[in-house]
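This report goes from the overall fold to one pair of strands and then to a single side chain. The sequence and the structure come first.

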Amino acid sequence: QVQLVESGGGLVQPGGSLRLSCAASGSIFSISPMGWYRQAPGEQRELVALIFSGGITNYADSVKGRFTISRENAKNTVLLQMNTLKPEDTAVYYCNARGISGTGSRFEVWGQGTLVTVSP
């Protein structure tokens, strides 16, 4: 069974930075894409950024130029560097991963979520 463990959320002032980390563990043959979604109070969960095993990335328009997603393939880890944070970035951020398990079955898993609060 594949699991994701997230870290790095917290409280930051507008204009500040945070880095989120998500590590996958378990029986993994391949894992791609990995990414981050977020859900603000009263809103639907939305895509923030995705990264594929070849390094191709996809960002929501609202975070382009401010957020950078990267991955450490050997560690099955995905990072989200968030700069120039705005109050509207406040949300619970969820890590997501899809891939093939060691038994050959497809999987999609979610992390437990980490709260990011941007406030003066």
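Two strands count as paired if DSSP finds at least two bridges between them. The model described here is predicted. In this model, strand β9 (residues 91–101) and strand β10 run antiparallel and are joined by 5 bridges. Across from glutamate 108 in β10 stands arginine 98. The hairpin of β9 and β10 has 4 residues between the strands, and glycine 104 takes a positive phi near 95° there.

**The chain as a whole**

The protein has 0 helices and 11 strands. Read from the N terminus, the order of elements is β-β-β-β-β-β-β-β-β-β-β. The radius of gyration of the protein is 14 Å, close to the 14 Å that the globule rule gives for 120 residues, so the protein is as compact as a globular protein of that length. The C-alpha trace spans about 50 × 25 × 20 Å along its principal axes.

Some totals for the protein are collected below.

| Property of the protein | Value |
|---|---|
| Residues that count as buried, of the 120 residues | 42% |
| Contacts between residues 24 or more positions apart, of the contacts with a separation of 6 or more | 55% |
| Accessible surface that belongs to carbon and sulfur atoms, of about 6300 Å² | 49% |

**Strand β10 and its two faces**

Strand β10 covers residues 106–110. Phe107 and Val109 make up its covered face, while Arg106, Glu108 and Trp110 make up the uncovered one. Glutamate 108, the residue opposite arginine 98, is therefore on the uncovered face of β10, since pairing is assigned from bridges between strands.

**Tryptophan 110**

Tryptophan 110 has a relative accessible area of 35%, so it is partly exposed.

Which residues does tryptophan 110 touch, leaving out those up to four places away in sequence? They are Leu4, Tyr37, Arg45, Tyr94, Cys95 and Asn96. Of these, Tyr94, Cys95 and Asn96 fall within the range of β9, residues 91–101. Tryptophan 110 and tryptophan 36 are 74 residues apart in sequence, and their C-alpha atoms are 9.4 Å apart in space.

Conventions. Residues numbered from 1 in each chain as written. Predicted model: local features only at pLDDT ≥ 70, side-chain atom pairs only at ≥ 80, totals over all residues. Heavy atoms only, no water. Rg over C-alpha atoms; globule rule 2.2 N^0.38 Å. Buried < 20%, exposed > 50% of the residue type's maximum accessible area, 1.4 Å probe, protein only. Contact = heavy atoms within 4.5 Å. Areas by Shrake-Rupley, 256 points an atom, 1.4 Å probe, with all protein chains shown as cover.
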